[in-house]
Amino acid sequence: MKVTLLNGNPDRSNTGFDRYLTTLADQLEQKGHTTDVIALRDLKIHYCTGCFGCWLKTPGECLLKDEGEIVLRSVINSDVTVWTSPVVMGFVSGLLKKTTDRFLPLIHPYMRFVQEEIHHRKRYDRYPKLALLLQESPHNDARDVEIISDIYSRTALNFMSSLCFTRTMAAPVEEVCNEISVL
């Protein structure tokens with residue numbers, strides 16, 4: 001199974017976050033999985049401008065030519081994608097949020113009914129399962145994690161997938177590794 005870990009940690013000095021992901025990737029590889037850890041802070045990724053060019057002018061491709069294409073290619077070719085971020089001011093980092101916004105080319109502008117709601121149609125035959133891994137801070141609480149999870153659950157639904165789990169880095173790496181391995 002191919003697992004993409006999107007490292008949304010904007011702070012290089014937060015070495016505990018990066019160490020956790022490195023250990024997680026190592027354990028996943030020991031179980032026979034292929035991992036792609038993408039440090040978003042090292043890529044030039046522009047904010048989505050809402051131009052809808054990815055739907056109208058260049059279907060499936062963002063008009064902004066940057067390294068966001070690397071992320072989208074890895075995500076759509078993975079079996080599992082894990083959004084990872086420290087909790088910053090009650091939400092994921094701006095780095096992870098702007099990257100998630102750039103997932104728009106992965107879906108069609110056309111709509112369909114899903115669970116009695118209107119959602120975008122698929123652009124691809126298959127989409128990865130999605131998970132969320134958060135590093136809590138002293139300034140957030142369980143409600144913040146719940147809100148983030150709810151929002152990313154809705155985002156996953158729009159991307160023709162589901163949010164399989166939300167965990168915090170308080171969980172041992174082995175538990176998170178095992179949870180990913182059974183998806």
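This is a predicted model: local features need pLDDT of at least 70, side-chain atom pairs count only at pLDDT 80 or more; totals for chains, interfaces and linings use all residues.
Residues are numbered from 1 along each chain as its sequence is written, and side-chain values use heavy atoms, with hydrogens and water left out.

**The sheet.** Five strands form an open sheet in the order β2-β1-β3-β6-β7, with parallel pairing; helices (H or I, at least four residues) and strands (E, at least two) are DSSP runs numbered from the N terminus, and two strands pair if DSSP finds at least two bridges between them. Because β2 and β7 stand at the edges with a single partner strand each, one side of each is left without a neighbour in the sheet. On average, and with direction ignored, neighbouring strands of this sheet are turned by 15° against each other. Two of the pairings are set out below.

| Strand pair | Sense and bridges | Residues standing opposite |
|---|---|---|
| β3 and β6 | parallel, seven bridges | Pro86 and Gln135 |
| β6 and β7 | parallel, five bridges | Ala131 and Phe165 |

**Helices on the sheet.** Helix α1 packs on the sheet, touching β1, β2, β3, β6 and β7, and its direction makes about 180° with that of β1; axes are lines fitted to C-alpha atoms, for helices over the stretch in contact, and angles run from 0 to 180 degrees between N-to-C directions. Helix α6 also packs on the sheet, where it touches β1, β3, β6 and β7, and its direction makes about 175° with that of β7.

The end C-alpha atoms of α1 (residues 15-30) are 22 Å apart, which agrees with the 22 Å that its 16 residues should span at 1.5 Å a residue, the expected span being 1.5 Å times one less than the number of residues. Among the buried residues of α1 are Phe17, Tyr20, Leu21, Leu24 and Leu28, where buried means under 20% relative accessible area, exposed over 50%, and partly exposed in between (1.4 Å probe, protein chains only). Just after α1, Gly32 takes a positive phi of about 95°.

**Asp79.** Asp79 lies in the loop between α3 (68-76) and β3 and is partly exposed, with a relative accessible area of 30%. Leaving aside neighbours within four places in sequence, Asp79 is in contact (heavy atoms within 4.5 Å) with Met1, Lys2, Arg126, Pro128 and Lys129. The side chain of Asp79 reaches the backbone nitrogen of Lys2 at 2.7 Å.

Terms used: A polar contact is a pair of N or O atoms within 3.5 Å; within protein, one must be able to donate a hydrogen and the other to accept it, and residues adjacent in sequence count only if both atoms are side-chain atoms.
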